[in-house]
Amino acid sequence: MAVVLVSDPDFKWRIALTAIVEALGHDVVHDLDGGPVDVAVVEPMSRESVALAREARESGDETPVVCVTSGRRVIGGWLLEPVGYLEKPVRVGPFVRTLERALGQAKPAAATAAC
């Protein structure tokens, strides 16, 4: 089980992405108050999401990032060097595969800290 940050300003997408991650058996957080995370799933068009991803990277030893965007690919997203860059409406299969690839690159420290 991993800890995954899901940050999206659109409530519907935040809920949908959260449901997918939780269905895979992972814990979801929407802020970093609980400590480090294993992967950050963010909307790169949102300054708040990008800031959270950067903060997760600083505290989580290069936390892998997955960008899920409703807009064009933006500089802020590419500067995060994401494992994947998916455009909305994102399909479940590609999202799950990208998340699993990111989890494969994650350091397990956040998951053990959460237990």
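Predicted model: local features only at pLDDT ≥ 70, side-chain atom pairs only at ≥ 80, totals over all residues.
Helix α1 lies across strands β1, β2, β3 and β4, and it runs at about 165° to β1.

The secondary structure of the protein consists of 5 helices and 5 strands. Read from the N terminus, the elements follow the order β-α-β-β-α-β-α-β-α-α. The protein has 115 residues, of which 50% count as buried.

The strands form an open sheet of 5, arranged in the order β2-β1-β3-β4-β5 with parallel pairing. Strands β2 and β5 (84–87) stand at the edges; each has a single partner strand, so one side of each is left without a neighbour in the sheet. On average, neighbouring strands of this sheet are turned by 20° against each other, direction ignored. In general, strands of a sheet pair through backbone hydrogen bonds, either parallel or antiparallel.

The pairing of β1 with β2 may be followed in detail. These two strands run parallel and are joined by 3 bridges. Val3 stands opposite Asp27 in β2. In β1, 5 of the 5 residues are buried, so this strand is largely enclosed by the rest of the structure. As a general rule, side chains in a regular strand alternate between the two faces of the sheet. From β1, Val3, Leu5 and Ser7 point one way, while Val4 and Val6 point the other way, and all are buried.

Attention now returns to helix α1, which comprises residues 11–23. Within α1, Leu17, Thr18, Ile20 and Val21 are buried. These residues cover an arc of only 165° around the axis, which puts them on the same side of α1. The cover over the buried residues of α1 includes β1 (3–7), β2 (27–29), β3 (39–42), β4 (65–69) and α4 (92–105). On the face turned away from the buried side, α1 carries the exposed residues Phe11, Lys12 and Ala23.

Both ends of the helix show local features. At the start of α1, a side-chain oxygen of Asp10 reaches to within 2.9 Å of the backbone nitrogen of Lys12. After α1 comes Gly25, whose phi is positive, near 95°.

The last stop is Thr69, which lies in strand β4. Its relative accessible area is 0%, and Thr69 is therefore buried. The side chain of Thr69 is joined to that of Glu43 by a polar contact of 2.9 Å. When residues up to four places away in sequence are not counted, Thr69 touches Glu43, Pro44, Met45, Tyr85, Leu86, Glu87 and Lys88.

Technical notes:
Residues numbered from 1 in each chain as written. Heavy atoms only, no water. Helix = DSSP H or I, 4+ residues; strand = E, 2+ residues; numbered from the N terminus. Expected span 1.5 Å × (residues − 1). Buried < 20%, exposed > 50% of the residue type's maximum accessible area, 1.4 Å probe, protein only. Arc of directions from axis to C-beta. Contact = heavy atoms within 4.5 Å. Polar contact = N/O pair within 3.5 Å; in protein donor to acceptor, adjacent residues only side chain to side chain. Pairing = 2+ DSSP bridges. Axes fitted to C-alpha atoms, helices over the stretch in contact; angles between N-to-C directions.
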